[in-house]
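Take a look at the sequence and the 3D structure below. The report then goes through them part by part.

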Amino acid sequence: MIGIGLEELGVEEFVQGKFFDGELYIDTKKQCYKDMQYNRLSLFAVLRQLFTKLARDRYSESKKLGGDLKGDGLQNGGTLVVEKGGKVLLNFVQTNVAEHVEPSDVLKALGISPPEQGASADQGAAGAAAAAN
């Protein structure tokens, strides 16, 4: 698995927090974001989206993770799952600041059954990492 970020701000904390177990790259020129057509939002669009129910719900969820609002909050991203050989299994493109791919969608794309209710989310993530390698 690889992850591509757009700036170095927060990378050290991200690694120390063990939020991702794979190779990390920084694309400060945001070329891969442009190539993948991950749009950059206007400040007006972000402000408008912050008042949606989805944004309020995600903000409440994010308090559990900690962190801050520093960095480029206008750049949308996504999740791309590709198998060996180049076949795209999942292409999630963020269109709203509050959106993210559901972990169950990533597991499904990899052919992994989601963990049963009550099982830890780490078990599903570990299975996804093993399947991706």
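## A residue in the opening loop

Where is the place of E7? E7 sits in the loop between β1 (2-5) and α1 (11-16). Helices (H or I, at least four residues) and strands (E, at least two) are DSSP runs, numbered from the N terminus. This is a predicted model, in which local features need pLDDT of at least 70 and side-chain atom pairs count only at pLDDT 80 or more, while totals for chains, interfaces and linings use all residues. Residues are numbered from 1 along each chain as its sequence is written, and side-chain values use heavy atoms, with hydrogens and water left out.

E7 is partly exposed, because its relative accessible area is 26%. The cut-offs are these: buried is under 20% relative accessible area, exposed is over 50%, and partly exposed is in between (1.4 Å probe, protein chains only). Leaving aside neighbours within four places in sequence, E7 is in contact with I26, G71 and D72. Contact means heavy atoms within 4.5 Å. T28 is 21 residues from E7 in sequence, and the two are 5.4 Å apart in space, C-alpha to C-alpha.

## The chain as a whole

The protein chain has six helices and four strands. From the N terminus on, its elements run β-α-β-α-α-α-β-β-α-α. The chain has 133 residues, and 21% of them count as buried.

Take the contacts between residues at least 6 apart in sequence: 45% of these join residues at least 24 apart. The chain exposes about 9,800 Å², and carbon and sulfur atoms supply 55% of that area. Accessible areas come from the Shrake-Rupley method with a 1.4 Å probe; for residues, only the protein chains shown count as cover.

## Two aromatic pairs

How many aromatic pairs does the structure hold? It holds two. Rings of Phe, Tyr and Trp (its six-membered ring) pair if their centres lie within 6.5 Å; planes under 30 degrees apart count as stacked, over 60 as edge-to-face and the rest as tilted. F14 and F19 form a stacked pair, 5.7 Å centre to centre, with 25 degrees between the planes. F14 counts as partly exposed, at 34% relative accessibility. F19 is also partly exposed, at 47%. Y33 and Y38 have ring centres 6.1 Å apart and planes at 70 degrees, so this pair is edge-to-face. Both Y33 and Y38 are buried.

F19 lies in the loop between α1 and β2 (23-26). F14, V15, F19 and L24 make a nonpolar surface patch of about 340 Å². Patches are made of residues with over 30% relative accessible area and no salt bridge: like charges are joined within 9 Å, nonpolar side chains (Val, Leu, Ile, Met, Phe, Trp, Tyr) within 5 Å. A salt bridge is a side-chain nitrogen of Lys or Arg within 4 Å of a carboxyl oxygen of Asp or Glu.

## A buried glutamine

Is Q94 buried or exposed? Q94 is buried, because its relative accessible area is 14%. The loop between β4 (88-93) and α5 (103-109) holds Q94.

A polar atom of the Q94 side chain lies 2.8 Å from the backbone nitrogen of G77. Not counting residues up to four places away in sequence, Q94 touches Q75, N76, G77, G78 and E99.

## Positive phi in two loops

K18 is in the loop between α1 and β2. Its phi is near 55 degrees, a positive value in a residue other than glycine. K18 is exposed, with a relative accessible area of 71%.

Q37 has a positive phi too, of about 60 degrees, although it is not a glycine. Q37 lies in the loop between α2 (31-35) and α3 (43-49). Q37 is exposed, because its relative accessible area is 61%.

T52 is in the loop between α3 and α4 (53-62). T52 counts as partly exposed, at 28% relative accessibility. The C-alpha atoms of T52 and A98 are separated by 9.0 Å, and these residues are 46 apart along the chain.

L110 is in the loop between α5 and α6 (121-132). L110 counts as partly exposed, at 22% relative accessibility. L110 and L90 are 20 residues apart in sequence and 8.8 Å apart in space, C-alpha to C-alpha.

Technical notes:
Polar contact = N/O pair within 3.5 Å; in protein donor to acceptor, adjacent residues only side chain to side chain.
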